[in-house]
Each structure stands twice: as C-alpha cells, then as structure tokens.
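Please consider the sequence and the model shown here together. The paragraphs that follow lead from the overall fold to individual residues.

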Amino acid sequence: MTNVEFAEKINGYLKGSKAKAKKYEDLVAVNFTFIDDMDDIYVAVRDGVLDVAPYHYDDLQANVTGSAENIEKLFAGEIAFEKALAEGLVMVDGDIAKFKALEPLVPAKKAEKKAPAKAAEAKPAVKAETKATEAKAPAKTEEKPAAPKKEVKAAPAAKKPAPAARNSKKHGKK
C-alpha cells in the first residue's frame with residue numbers, strides 16, 4: 001500500500017468527524033512515520049478543518065512512529081490511543097496531547113461491536129432512570145400546590161374565633 005492509498009483510507013475513517021473537527025480551536029498537526037517501507041502521512045485540524053494528506057508535515061507538533069497496521073487500528077477505532085502508547089505499538093515524539101487530541105475524531109463503532117451486551121445493559125438502565133425521574137417529577141409538582149399552606153392558613157383562621165370565644169367568656173364573667 002502506498003502512503004497516498006493509506007491517507008485515503010484514514011480519511012475514510014475520519015470522514016464522519018468533520019463536524020467534530022469544527023469544534024477544535026487550536027491547531028493540531030500530527031505526522032505519522034511508518035516503520036514499514038511507506039512515506040509519511042499527516043492528520044491536521046486547522047481552523048476547524050480536518051486534513052489528511054500523504055506528505056510529511058513540516059510544522060508538526062507531534063510525530064508518531066509505528067507500523068501501518070497499528071496506525072490503521074488507531075483510526076479504525078480498534079485500539080485506544082492511550083493503550084497504543086502504553087503497549088508500545090506507537091511512539092510519539094513531541095506533544096503527546098496533540099496526538100491524543102485526534103482520538104475524539106475516531107469512530108467508536110469498533111468498540112461498540114466488542115461490547116454489545118454492555119451497550120444493551122446500559123440502555124435499560126437509562127430508561128429506568130428516566131422513568132424514575134418522570135415518576136418523581138409529577139410528585140414534585142403535586143407538592144408544589146399550596147394545599148398544605150392552605151390548611152395552615154385555615155388553621156389560624158379557626159384559631160381566631162377561639163380567642164373571640166374566650167373574649168366572650170371574659171365578657172360573660174364581667
């Protein structure tokens with residue numbers, strides 16, 4: 001595979017992330033050097049625009065070195081960037097934070113396939129929480145009406161005639 005073909009493949013993985021790239025405020029420019037016989041490619045986000053090209057990026061912030069297979073796994077979402085670093089699958093020279101800043105652009109569909117049971121379990125939990133919240137919300141609105149306050153107001157009103165009755169008793173004693 002050539003670096004041109006590889007750049008197109010990486011661009012394909014990141015195609016759905018162009019909207020996410022618009023949120024990037026800082027420049028992220030990462031060059032990828034392959035230990036196999038292939039020329040460099042780079043992935044950059046400049047002014048919210050994602051760019052993948054089959055060239056060496058001169059003003060790079062980080063240079064990632066690894067096999068084409070491992071770098072492809074990063075962009076396919078098959079392996080987390082942190083895990084690739086920890087296991088030595090890739091090496092980063094420069095700003096590691098810039099390298100990691102690319103990870104949110106990677107699709108997460110491969111990770112979902114590995115744990116479909118967890119995703120299925122999480123959905124009912126969310127629904128249960130929503131039902132509990134919905135059940136709580138009407139209860140709160142029922143508490144908001146001033147029914148107890150009216151009873152409190154009615155009780156002092158009932159007490160007011162009682163002092164008047166005392167006064168009448170006092171008047172009766174006189």
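**From the chain to its residues**

In sequence order, the protein chain follows the pattern α-α-β-β-β-β-α-α-β-α-α-α-α-α. It holds 9 helices and 5 strands, where helices (H or I, at least four residues) and strands (E, at least two) are DSSP runs numbered from the N terminus. The model is predicted: local features need pLDDT of at least 70 and side-chain atom pairs count only at pLDDT 80 or more, while totals for chains, interfaces and linings use all residues. Residues are numbered from 1 along each chain as its sequence is written, and side-chain values use heavy atoms, with hydrogens and water left out.

The average pLDDT of the protein chain is 74, and 62% of the residues score at least 70; pLDDT is the predictor's confidence in each residue, from 0 to 100. Over residues 110–174 the pLDDT is below 50, and this stretch has 5 contacts in the model beyond near neighbours in sequence. Where pLDDT is low, the predicted coordinates should not be read in detail.

Of the 174 residues of the protein chain, 29% count as buried. Buried means under 20% relative accessible area, exposed over 50%, and partly exposed in between (1.4 Å probe, protein chains only). The protein chain exposes about 11800 Å², of which carbon and sulfur atoms supply 56%; accessible areas come from the Shrake-Rupley method with a 1.4 Å probe, and for residues only the protein chains shown count as cover. Among contacts in the protein chain with a separation of 6 or more, 67% involve residues 24 or more positions apart, a contact being heavy atoms within 4.5 Å.

Asn 3 belongs to helix H1 (residues 3–14). Asn 3 counts as buried because its relative accessibility is 11%. Residues up to four places away in sequence aside, Asn 3 touches Met 38, Asp 39, Asp 40, Ile 41, Pro 54 and Tyr 55.

Asp 47 is located in the loop between strand S2 (41–46) and strand S3 (49–53). With a relative accessibility of 79%, Asp 47 counts as exposed. Its phi is positive, about 50°, although Asp 47 is not a glycine. Most residues other than glycine have a negative phi.

The structure holds 5 aromatic pairs. Rings of Phe, Tyr and Trp (its six-membered ring) pair if their centres lie within 6.5 Å; planes under 30 degrees apart count as stacked, over 60 as edge-to-face and the rest as tilted. The ring centres of Tyr 42 and Tyr 57 are 4.7 Å apart and the planes are at 65°, so this pair is edge-to-face. Both Tyr 42 and Tyr 57 are buried. Phe 32, Phe 75, Phe 81 and Phe 99 form one aromatic cluster.

Helix H3 (residues 68–76) is mostly covered, with 7 of its 9 residues buried; Phe 75 is one of the buried residues in H3. After H3 comes Gly 77, whose phi is positive, near 80°.
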